Amino acid sequence: MTKGVRGTRDFYPEDMRIRNWLFDNFQSAARSHGFEEYDSSVLEHEELYTRKQGEEITQQLYNFEDKGGRKVALRPEMTPSLARMVMARAGALPTPIKWFSIPQCWRYERTQRGRGREHYQWNVDIWGSDAIQADAELLSVLVSFFEGVGLNADDLVIRISSRKVLEEVLGSLGISGDAFAATCIIVDKMDKLPAEAVEQQLSEQGLDSDAIAAIQSTLGLSDLDSLASALGEGSEAVAELATLFDLVDAYGIADWVAFDASVVRGLAYYTGPVFEAHDRAGKLRAICGGGRYDRLLSSLGGNDMPATGFGFGDMVIMELLNEKGLVPDLPSGNQDIVIAINEDLRSAAMSVATKLRASGRQVDLVLEDKRMKWAFRHAERTGAQRLVMVMPDEWAAGNVRIKELESGEESDVALSDL
Ligand code: HAM
C-alpha cells in the first residue's frame, strides 16, 4: 500500500515547496488587490449541490451519509460554501465583500492531464457589487498573478463572453429561467461531445433545428462588432461587454484578453460576464474560469446579492509553468546546519542552534554522530547557506567555525556575535 487513492496526490517536501510557492503567488495577487482570506470546511451539506440543471459537477459528487444520518459531501467547488457564509451574515457584512481562499475541492472525475479527483482551487470573489468594474478587477487580479509567476500574454489568453449573449438569443426563442441554465450547460459541451449528441440534448429542451443553428452561429463570433450586428441595437450583452473591454484597456491588460462568444461555462448559476483562461497553444484544459452569478442566493433560499468571481485550479497551471520552465528551483529553506565535531561538544552545538534559532535563523541541528563529509553533502542537498561547526579549540576560545557554502569562505565567529 504505497499508492494513495486514485486521483489524489501526495505532496513530498519538494512538492510542498512548489505548492507553497504557487499559493504564495495566488495570495499576493489577491492581497495586492485588497482581498482578504477566508476558509470553510471541506465537508458540506449535500443539498448545497443538488442543482437540477444537469451540470457535470453535481454528478461527480463525493457524497455519503454520516453516522448521524446527515447527507454530506466533500465540496466539489467553493462557491456554494461562500454563498452559505455570506448568507449567514447577510446584512452584517460591509460590502463589497472581497474575499479569497485556496480550498481543496473534490470531484469524481475521469483523471487525465490537469484533472484529478482532488485539486486546490484558488477562489477570488466580490459580493455586493453589480458594477462591471468588479468583473474587470478580477481580470486584473488574474493578470497580476500570471505576471507574478513569469507568464506573459503570448502564453495564454483570457477568453470573455457573457451569459447575456445566449440569454438574448434564447429569450427571443422563449427560453428562460431554469430551461435557460440547462441549455447553457448543454451548449458548454459543444466542443467536448459529438455534434449529434448535443443537438439531441438541445432538442429535448424544446429547441428546433433553426434555434440550434442560431445558437451555433452566435457562438462562432469572436469580435464585438459582429456580435452587435447579430444581437441588434440595444443589446445589453453588447453594451456590457463593450464597457468591460474599455475597462480592460484602462488596466493596461488588453493583450491578455479576447472576446469569444463560445465561452459559456458549465455551471448553472452564472448570469453575466463569464471567462476562462486557456494556454495559447491549446494543448491544456482551462487554466481557470469564472463569471458573474447574481442570483445564487435565491436558489439557496436567501435574498439575492450580486456576486462575481473565479476559480483557478493548481493542476493545469503547473503543467503550463513546467512546460515554460518557469517553476523555480526552491531550496529546503534551511539556512544553517549546526554540527558538533565530536560527542563531547553535542550540548554546545545544541546551545548554538538555540541561539541561532532565537535570532530567527532556520537551523538544522545534526542530531546523530555524523562525519564532516556527510554534513557537507547534507548542506549541499538541502541548499543551506552556512555550515556552523562546533570544534574543540574554537569552542574553548568562545567561537564557532562558520563556512559560507557558496563562497567556501571559513571564519571563526564569537558566540556573542552569532
Ligand atoms: P470550474 O470551472 O468548475 O468553476 O472550476 C474552476 C477551475 O478549477 C478550473 O478552471 C480548473 O482550473 C480547476 N478544476 C476544476 N475541476 C478540476 C479537477 N477535477 N482537477 C483539477 N482542476 C480542476 C468553479 O468551480 C466555480 N465555482 C468558480 C467560481 C468561483 N465562479 C465564481 N466564483
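Start by selecting Ile 339, Ala 340, Arg 346, Ala 349, Met 350, Leu 365, Val 366, Glu 368, Asp 369 and Lys 370: together they line the largest cavity. A cavity here is a set of points, on a 1 Å grid over the protein atoms alone, where a 1.4 Å probe fits but cannot get out, and lining residues have an atom within 4 Å of a point. The largest cavity has a volume of about 60 Å³, a volume being the space filled by probe spheres set on the points, with grid points joined across faces, edges and corners.

Before moving on, know that you are looking at a predicted model, where local features need pLDDT of at least 70, side-chain atom pairs count only at pLDDT 80 or more, and totals for chains, interfaces and linings use all residues. Residues are numbered from 1 along each chain as its sequence is written, and side-chain values use heavy atoms, with hydrogens and water left out.

Still at the largest cavity, colour helix H13 (346-358), which gives the most to the lining, with three residues. Helices (H or I, at least four residues) and strands (E, at least two) are DSSP runs, numbered from the N terminus.

**Next cavity**

Now pick Ser 161, Ser 162, Arg 163, Val 165, Leu 166, Leu 219, Ala 261, Val 263 and Val 264, which line the second largest cavity. About 50 Å³ of space lies in there. Strand S8 (156-162) and helix H5 (163-171) each supply at least two residues of this lining.

**The ligand**

Zoom in on Tyr 269: one of its polar side-chain atoms is 2.9 Å from a ligand nitrogen. For Tyr 270, a polar side-chain atom sits 2.7 Å from a nitrogen atom of the ligand. Ile 287 uses its backbone instead, with an N or O atom 2.9 Å from a ligand oxygen. The protein covers 96% of the 660 Å² of accessible area that the ligand has on its own (Shrake-Rupley method, 1.4 Å probe).

**Last stop**

Finish with Arg 115, in the loop between strand S6 (104-106) and S7. Show Glu 109, Arg 110, Arg 285, Ala 286 and Met 315 too: Arg 115 touches them, leaving aside residues up to four places away in sequence. Touching means contact, with heavy atoms within 4.5 Å.

Methods
A polar contact is a pair of N or O atoms within 3.5 Å; within protein, one must be able to donate a hydrogen and the other to accept it, and residues adjacent in sequence count only if both atoms are side-chain atoms. On a 1 Å grid over the protein atoms alone, a cavity is a set of points where a 1.4 Å probe fits but cannot get out, and a pocket is an open set with protein on both sides within 12 Å along at least five of seven lines; lining residues have an atom within 4 Å of a point.
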